[in-house]
Amino acid sequence: MAEHETVPDGYVAVADAETLREEGRTVTAAEGTPVAVFFHEGEFRAVNNRCPHMGFPLSEGSVEEGVLTCHWHHARFELSYGDTFDPWADDVESYPLEVVDGTVYIDPNPPREEPPAAHWAQRLEDGLEQSLRLVLAKAAVGLFDAGVSPVEPFETAVVFGTKYREGGWSSGLTILTALLNRMDDLTKQDRQRALYQGLVQVASDCADQPPKFDQAAFEATNVPVERLESWFRENVEVRDADGAERVLRTAVASDCTPEQLTEMLTAAATDHRYLDTGHRFDHLNKATEALDHMGWDHPETADVLASLVRGLASAERSEELSSWRQPYDLAARSADSFDRLSEMVAAGEEKEWTEPDDFTDRLHSDDPEAMYETLDEAVRSGATVEELARAVAFGAGKRVAQFSVANEFSDWNTVHHTFTFANAVHRAAQRAPSTELYRGVYDAATNVYLDRFLNMPPAPEPAIDETAALDEEIQGLRHCFEMEGELNAAGAHAANFLDAGGDPARLKAELSNALLQEDTGFHTFQALEAGLRQFDLREDPAERRVLATAVARYLAAHYPTRREREQTFSIASRLHRGERIHEGGDEAAADD
């Protein structure tokens, strides 16, 4: 490198050139930035001394044939520009150098090729493509710090998840959407955690999966929506996913409204009973909620909705199960009500339904006929599909609150499935209230009946305590989440916090924070989101109390976990703040 006569503006001295030639490397600080300066193969090179992977000093690494290798995790970098050989590590910052009068100078603030938002957006894509947890955590933290709306990385992940998973919409995208729905409940750091948790789930879902190859829309775009719906339902009925996808894409291309598209999907999803223990309807609901965030005019709307089709066409249909046929033919009794739906809806026109005080008790009846007659009576009395779905969703939530620990642990899934399905049906009823959707409400109620044995004996309702100390209740709730088997105590702490006038926003933030620090499974994410959504819809303190109890008990039953994902997030957060992870020992795993 030839010496210059003058020091360029902005450059700072970092080393004596002759000394550096002899020693090969040095470490200095340039305007607060740690810089490693090397003399290698006759050239001076300067890079940020913090390895971009986990912050280890690169000055302690080795240089050979123009490659700088970090000695902690062996990340490798092309020395002149800092480009990495290992995508999990990221590129290291490099700095322009000049030698003036025997002194090496660097520009510590060179112009960057891309702003931070663009850099982290690219790293987000890298993390999704290779399912790199630490990269996704860094991207989540970096994007928030750059002022990027969480909707932007959400869109990136939804497009990725629907394109690179042949099986279509699954748990990862459901979790991501559920967490975005609850962003307003969260602190800034928990919003970063939520985005990271959702991104990890999407990447995991797509890892090692074949991509989805799309079917094309029909050339005809003037087909009446009624016929498109008929075609779509018929293709799902005969399990022809390709045909159904072409029809659905045609509906999108024909500018069908969000309500029409939702109605088409929900009709097919309720032509048969309780598909795949409710997962298919919940996926449908989350896909439409994703489009609420992205915009229904998004270029990838057809891809998002098409990702649902394979699941709808291949789903298990509950009328094929013995539990729906014996000892009482629930499928046949449901069909009897469905045959009379139009008649019952017509009878209820011009009427306003008031939910009876004993509606939930009747829904929880041991007599299936009493349960069905309660629903029929509600429809005849003018209950809209939204009103009835809302009432049934509460009945399903109460099953979770009263779940008996005398059952096997896996039975939590059963009451959970019913509740999240009922919540999804209610959300769909708000969006597109069709007569056919009453069938989903009946399916939810039927499962509330089938879950009756899981409340035998019912878990005790927490005693009311209006004098509870709010901070003590929160501390008690946190303690329950640190211990196994403290679910009843957790429910009591949540209920008593509300009894004593605690701020619901504080309770929701606390429950969410606990969830986001665990290696939470799919169902637990669903339980929190559905429970808090139904909680927000209620004004009755008694109903809110039940739902808060349900959420707290469900979470406590599934905690604590190993918290591996939280450790990764903590590392990413500390690195972003410039902390020295390699000097922290066990503190690297601590919550920041």
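**Core packing, helices and backbone features of the predicted model**

Leaving aside neighbours within four places in sequence, Leu 511 is in contact with Leu 477, Phe 481, Leu 528, Leu 532, Val 551, Ala 552 and Leu 555. The model described here is predicted. Leu 511 belongs to the largest nonpolar core, which has 148 residues; with Leu 128, Phe 232, Leu 305, Leu 375, Leu 388 and Phe 481, Leu 511 is one of the residues that touch the most other members. Another core, of 14 residues, lies apart from the largest one and includes Val 14, Val 37, Tyr 95 and Val 104.

The protein chain as a whole contains 25 helices and 10 strands. Its C-alpha atoms fill a box of roughly 95 × 65 × 40 Å along the principal axes. Of the 592 residues, 57% are buried. Where contacts link residues at least 6 apart in sequence, 72% of them join residues at least 24 apart. The accessible surface amounts to about 24,700 Å², and carbon and sulfur atoms contribute 46% of that area.

Helix α21, residues 487-499, was examined together with its surroundings. Its 13 residues reach 18 Å from the first C-alpha to the last, close to the 18 Å expected at 1.5 Å a residue. Buried positions in α21 are Leu 487, Ala 490, Gly 491, Ala 494, Ala 495, Asn 496, Phe 497, Leu 498 and Asp 499. The cover over these buried residues includes α18 (412-431), α20 (470-482), α22 (504-516), α23 (522-537) and α24 (541-557). Just after α21, Gly 501 adopts a positive phi of about 85°.

Within helix α23 lies Thr 524. Thr 524 counts as buried because its relative accessibility is 5%, under the 20% cut-off. Beyond its neighbours within four places in sequence, Thr 524 is in contact with Leu 515, Tyr 554, Leu 555, His 558 and Tyr 559.

Leu 143 is placed in helix α3 (residues 133-145) and is buried, with a relative accessible area of 3%. When residues up to four places away in sequence are not counted, Leu 143 touches Ala 117, Trp 120, Ala 121, Leu 124, Val 148 and Pro 153. Leu 143 and Pro 116 are 27 residues apart in sequence, with a C-alpha to C-alpha distance of 7.7 Å.

Several backbone features occur in loops. Most residues other than glycine have a negative phi, and most peptide bonds are trans. A cis peptide bond, with omega of about -10°, joins Met 456 and Pro 457, and Pro 457 is in the loop between α19 (438-450) and α20. Tyr 559 and Pro 560 are likewise joined by a cis peptide bond, with omega of about -10°; Pro 560 lies in the loop between α24 and α25 (564-576). His 74, although not a glycine, has a positive phi of about 65°. This residue is in the loop between β7 (67-69) and β8 (76-78), and at a relative accessible area of 53% His 74 is exposed. Arg 239 is not a glycine either and has a positive phi of about 60°. Its place is the loop between α7 (225-237) and α8 (241-253), where Arg 239 is partly exposed, with a relative accessible area of 36%.

Conventions
Residues are numbered from 1 along each chain as its sequence is written. This is a predicted model: local features need pLDDT of at least 70, side-chain atom pairs count only at pLDDT 80 or more; totals for chains, interfaces and linings use all residues. Side-chain values use heavy atoms; hydrogens and water are left out. A nonpolar core is a set of buried Ala, Val, Leu, Ile, Met, Phe, Trp, Tyr and Cys residues joined through side-chain atoms within 4.5 Å. Buried means under 20% relative accessible area, exposed over 50%, partly exposed in between (1.4 Å probe, protein chains only). Contact means heavy atoms within 4.5 Å. Helices (H or I, at least four residues) and strands (E, at least two) are DSSP runs, numbered from the N terminus. The expected span of a helix is 1.5 Å times one less than its number of residues. Accessible areas come from the Shrake-Rupley method with a 1.4 Å probe; for residues, only the protein chains shown count as cover.
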